[in-house]
Every structure is written in structure tokens, then in C-alpha cells.
Amino acid sequence: MPELPEVETTIKGLNSRVLKRAFVDVWSDWEKIVKKPENFEAFKKEIKGKRINKIWRRAKNIIFDLSGSSSLLVHQKMTGHLLVGNWKLENKKWMPVEKGPLNDPYNRFLHLIFFLDNPPSHPLSHKATDGQSGKMLALSDARKFAKVELWKTKDLLDSKEFKNLGPEPLDKNFTFQKFKERLLRQNPPSPRLRQGKVKQVLMDPYIIAGIGNIYSSEVLWRAKIHPEKNVAKLSDSELKLLYQAIKKVLQLAVKLGGESFSDYRKVDGSKGDFDTERKAYKREGQKCYRCKTLIKRLKFGGRSAFFCPNCQK
Ligand SMILES: [Zn+2]
């Protein structure tokens, strides 16, 4: 599933390609992907003509602020990723017009396509397009779990789900003190914190936003902490290592354009480069880069943790 670095990479790609453009039409062969409004025709009618004024991220949500005080929310969930380009229908299948990364098999599952107006031409250029600006914004989603919703901006910001999200770990205001408070506070709203296993706590968006299975595994490997260790039992120096590892791993992953081990691709269809830095996630049976012990996979809470049994005790 795309996590903070992948969603951040998508936001950057979208900002350089579709900002200030307007929706002309929408197509879908899986209308249930749009959850709000439930009726796809109503969604289509409402979004047509709206212009994209701002594109930003909160946790793993992509938010397009549109004209008319509305916002389009896209949560890519398990296998979804947004792409920008040009496709044409061939034998009832959308095929990329140009050769390139959009032809990657992971980019073939187009279930929702927004048609955009022409990109604004550069004032010094006679060309209408710069080659990067596709006419279409598409959602490729192999497993069809992604969610698309059209909100009144104010209602979205006031929604319970949005308000309860944990702080953004790359935010300047996310200090070590704040991190400690989030992890160790009493009467947590989330049942996961009561179990207290550090991996599950890190992955809880209502405690800290944006961290999932990939980066919790990577962060814990770097901090040398066992994924099942109870957060209440972490020493102050372990908490410090954990905090530093979160910042460091996420910053590095954003810089490298995210992880494309699985379905995630950048908006131009190409892969992110974090894979060269992957130390634990899905490396079971391979040697630890620090001590050569074989990385183990541990199942708990319905998810897998990947860790070095020697370094992470
Ligand atoms: Zn090790």
C-alpha cells in the first residue's frame, strides 16, 4: 500500500502536471470506486467544470482542492495509484498513446479516468503542451479497493476521520516530545495502542499519520527495536532512536520517490527508487545488512513484520 513517501511523491508529480486544470469529463468501468456521492452520474455532473486549485496530502489521503469550495479526496488504499498521461481505447481497453513507463503492467488497471482541459501554454512557447502534461488523470487499481470522494472542503476538514488523524511525522512541529506524548499517553482512542506492540502503534494513523507496513519495518530495523516490543517498555534512548529513524527513513524515501516493490508507481508510470535502501521489508530469509543473520517474518495482528532476530531484540 502506498504510504507517506509514495503519496508525497504522487502529490509532487500531480502538482507539476495537473494544477490549475479543469475536469472536462469522467469515465469508469468500476463506478463503486466513487463513494461520495454514491451515484456516479451525480458525481460526474458535480465535478465537470471544476478547476484544481491546490493538491496536498494528509496521512495517505490525496486532496484536490477545487473551485466551488469543494475537494476531491483520493485514497489509493492497497494497489491504487494515480497516473497522468494520454490513453486511447483499443478493443475496449485503454492503451497508452506514447511508449514509456505507462506501459508497465502495473499501470494497466485503469478503472477511473478524469479528462482534463488543455494545459496552459507557456507564454514563451508556441506549443500547446510540453509533453509532460497529459490530457488524462487516471487511477490504476488492480484490486479495486481505492476510494474517491467529492466533499465540500469545509465538511472534509471538519470530518471526524480527518480531525482524529495523528500528526504528520515530517512536520517541523513533530518534535521528540510530541512523539513521546503520542506513543505513551494514557486513555488512547485507539484499541491498537492498548495492545502496545510498537509496530502496530507506529502503523496506527490516529497515533502518527502515514506509516504502514513497509516503513514501520524499515524504521524498526534502523532503530534496532523488536516489532513486538511494548511501547511502554521502550527506554528513553530507544524512543529517541525510533524518532530519529522515522524522520530519516521517511525523508530518504520521499527523496527517492517511494517504494515500487509492489504496485506503486509515480504519476508518469515509472518506479520509485527506495528499493535500493530496503533493509527489512519482504526480505525474510535474506541476510541482515548489519550482522548477516537471516531476516525473519513474523505474523501478528493480521500483518507481517520483517526484522533481524539478532539486531532487534
Ligand atoms: Zn542484524
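The crossing of helix 8 and helix 9 is right-handed, a crossing being right-handed if the near helix is turned clockwise from the far one by less than a right angle, and left-handed if anticlockwise. The model is predicted, local features need pLDDT of at least 70 and side-chain atom pairs pLDDT 80 or more, while totals for chains, interfaces and linings use all residues. Residues are numbered from 1 along each chain as its sequence is written, and side-chain values use heavy atoms, with hydrogens and water left out.

The axes of helix 8 (residues 213–223) and helix 9 (residues 236–255), lines fitted to C-alpha atoms over the stretch in contact with angles running from 0 to 180 degrees between N-to-C directions, come within 8 Å and cross at roughly 130°. That makes helix 8 oblique to helix 9, since angles under 35 degrees count as roughly parallel, over 145 as roughly antiparallel, 65 to 115 as roughly perpendicular and the rest as oblique.

Just after helix 8, Lys224 takes a positive phi of about 55°.

The buried residues of helix 9 include Glu238, Lys247 and Val254, and their cover includes helix 1 (4–15), helix 5 (176–184), helix 7 (198–202) and helix 8. Just after helix 9, Gly257 takes a positive phi of about 80°.

Conventions. Helix = DSSP H or I, 4+ residues; strand = E, 2+ residues; numbered from the N terminus. Buried < 20%, exposed > 50% of the residue type's maximum accessible area, 1.4 Å probe, protein only. Contact = heavy atoms within 4.5 Å.
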